[in-house]
Amino acid sequence: MNHATALPAASSSYGAKYAAAGSLALADSFARPWRGFGAELRRHAAVDAPGFVQPVTEVAIGIAGHGRVSRRADGEAEQRFEAQPGRFCICPGGVPVDHLRLQGEGVELLHFYVDGGLDPDFAARTALADWPYAGGLADPLVAQIGLAMAQELRQESSGGELLLDTLGHALLARIGQRHTGAPVASPATAGRGLSPARLARVQAYLQAHVERALSLEDMAREACLSRFHFVRAFKASTGRTPHQYLGSLRLELAKSLLAAGQESIEAIAWRLQFASGSGFSRAFRRELGLTPSAYAQALRRR
């Protein structure tokens, strides 16, 4: 099993300015195999951060609560906007921020960090240089992506790293298109499935690597397609997204391992790329209505 591409724990320092102000970290991705990205869900009451240099590009998306934000970067005019569900702001990496203040009650934000330094190939493909320092932005798709990320951080699912990977790239594509005019995937292949040979190759690859931390890039490479074309074509062929398909394979493997009774729940969770045994147990119960322990006990009674 390979966790080598997971964001290091030190990446949690990206939110150090929030932690120093007393903001509560509700959940994060830092122990999970997610290449080039990181995310944390935080609840804020008051933030008053003095000058700092933004370490990586960050997108903060409102999930719950209301508040007011004032901030200024690089001596430009101060920005003032509302923090509320669905609204988001952008702070590009390397920007010298003069100050950042937030006042509110129960403001929950999804903080999405783009760290291309952890994946040089990803960095070469991702154009962030033209992203603006902007706040109070409204976009229904960005809002939906933020909610889906927050849900996955709160309740880990089998194959969740692929879901996060899909959402992360969708967020980058949407913001890139909205603010820079960057092209996104052509819809020309929408509705077309993979050829039988390509589908068989991808399915065999997933079966052989079900215990590894996989990315959309890995899967698309097997199909010789771009990430965006691959996701559409795979769903058209199977009726399921890549992360749903991978999740079903992992669920079947989990059932087999529990039936064998030779490994602990924590060990099985680790093999299947869950960050913890508790996260695995919750995901297993959501799918089957039984905890892993109850499932194993039912098998023994039979």
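The lining of the largest cavity comprises 16 nonpolar, 6 polar and 5 charged residues (Ala, Val, Leu, Ile, Met, Phe, Trp, Tyr, Cys and Pro count as nonpolar, Asp, Glu, Lys and Arg as charged, and the others, Gly among them, as polar). The model is predicted, with local features requiring pLDDT of at least 70 and side-chain atom pairs pLDDT 80 or more, whereas totals for chains, interfaces and linings use all residues. Residues are numbered from 1 along each chain as its sequence is written, and side-chain values use heavy atoms, without hydrogens and water.

Across the whole structure, 3 cavities of 30 Å³ or more were found (on a 1 Å grid over the protein atoms alone, a cavity is a set of points where a 1.4 Å probe fits but cannot get out; lining residues have an atom within 4 Å of a point). The largest cavity has a volume of about 270 Å³, a volume being the space filled by probe spheres set on grid points joined across faces, edges and corners. Of its 27 lining residues, Tyr 18, Ala 60, Cys 89, Leu 100 and Leu 109 lie nearest the centre. At least two residues each come from helix H1 (16–20) and strands S2 (37–49), S4 (57–73), S5 (79–83), S6 (87–91) and S7 (96–114) (DSSP runs numbered from the N terminus: helices, H or I, at least four residues; strands, E, at least two). S4 provides the largest share, 6 residues.

The largest pocket (an open set of points with protein on both sides within 12 Å along at least five of seven lines) holds about 480 Å³ of space. Two or more lining residues are given by each of helices H4 (160–180), H7 (227–238) and H8 (242–260), with the largest share, 8 residues, from H4.
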